[in-house]
Amino acid sequence: MKFLKYEMILSKCNAVTTCAWMLLSLFPVVIAEDALFNSSSIQTVHRGMSVNISCNYKPSNDSDGFTVELHSNSKLCSVMKSNKSWIKQSCKDHCRFVWIPETVQMSFEVSNLQINDTGTYKCVVTRLIPPPSQLLREEKTFVQVIVPPNVSVSHEGALGEFPTIVCRSEGFYPSALEQMWMRNGEFQNASLTYSINKTNPDGSFTLHSFLNTSDCVNYSCWVNHSTLSQPTILTLTPADCYENRDWYKENGWIVFVTSALFFLTILIIMIVCECSRKAHHKPPVRVNVTPGPDLQSHLEYDVYSLLGDHHPVPCSPVRLQSSL
């Protein structure tokens, strides 16, 4: 009896051990499958440059026929391998397939990247021959297109004794950017400045920061962006401040008069155009047309005119006598 119990326990242990080994043997398969279909990488590229997107697949049999496709928001390029040769099916102008037979490597090159090309790209390898079709590889690559800011500082104008200065960071991508003012090397409170953000038609961004100054010292614009190896610092010196202030003092009236004449000219042109428009769009004049005499009137007139000075002779009644 004890022997039977021992055999039952032993058989259960063997079954559990077998199941455990089976489960453990599945882990490499799951890991390999996950690596096969979910491999991904990240590439950062400056605008206008090219990127090489690897398919990370080496065909093991020359007799197999398969397709290699590059996808983003849509299909960008597709090629097919058949009878040891490559056949291009369809590719966008800025995409091309790259095959290196020495190392048996395949990839796609995407050139002249723009901001709207930022996104995830997939290289998909699918076996067609022998059937049935089978997905062999799917390699994902996230491409981040970047554009550094174009930074400049200048005097915007002098509303009072001292000028307003402006710092411009233009055409950068992505949107995250730090821009601060410094006075004699010390950062200024952000509440003293006001900024204007806008998005450009190409998807890039622009940031303008203004600062009303109260003296002529060293004012600097400090800009940091992910595309810069170190922050950019541009400085306006006191000499720039005094030169700008003196110019506005000497030529401020010229600027005022020129601006006034410009707006007056625009106003005159608008008035002339409005008058001209009204003159060319007068309401139509109604004309009453008296209908001419009818045909009978014409005939009566013609008959009467043919009589001239002749007058009709009155006819006296004729008496008829009957003879009995």
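**Close-up views of the predicted model**

**Figure 1. Confidence in the protein chain has its lowest value in helix 3 and its highest in strand 16.** Helix 3, spanning residues 295–307, has a mean pLDDT of 45, whereas strand 16, spanning residues 219–225, reaches 96. The average pLDDT of the protein chain is 78, and 69% of its residues score at least 70.

**Figure 2. An open sheet is built from four strands in the order 13-12-16-17.** The pairing in this sheet is antiparallel. Strand 13 (186–187) and strand 17 (232–236) are the edge strands; each has a single partner strand, so one side of each is left without a neighbour in the sheet.

**Figure 3. Strand 16 pairs with strand 17 in the antiparallel sense.** Five bridges connect strand 16 and strand 17. Within this pairing, Trp222 is placed opposite Ile233 of strand 17.

**Figure 4. A nonpolar patch on the surface includes Leu261.** The patch is formed by Leu261, Leu264, Leu267, Ile268, Ile271 and Val272. Together these residues have about 550 Å² of accessible area. Leu261 belongs to helix 2, which covers residues 238–279.

Key:
Residues numbered from 1 in each chain as written. Predicted model: local features only at pLDDT ≥ 70, side-chain atom pairs only at ≥ 80, totals over all residues. Heavy atoms only, no water. pLDDT = per-residue confidence, 0-100. Helix = DSSP H or I, 4+ residues; strand = E, 2+ residues; numbered from the N terminus. Pairing = 2+ DSSP bridges. Patch = residues over 30% accessible without salt bridge, like charges linked within 9 Å, V, L, I, M, F, W, Y side chains within 5 Å. Areas by Shrake-Rupley, 256 points an atom, 1.4 Å probe, with all protein chains shown as cover. Salt bridge = Lys/Arg side-chain N within 4 Å of Asp/Glu carboxyl O.
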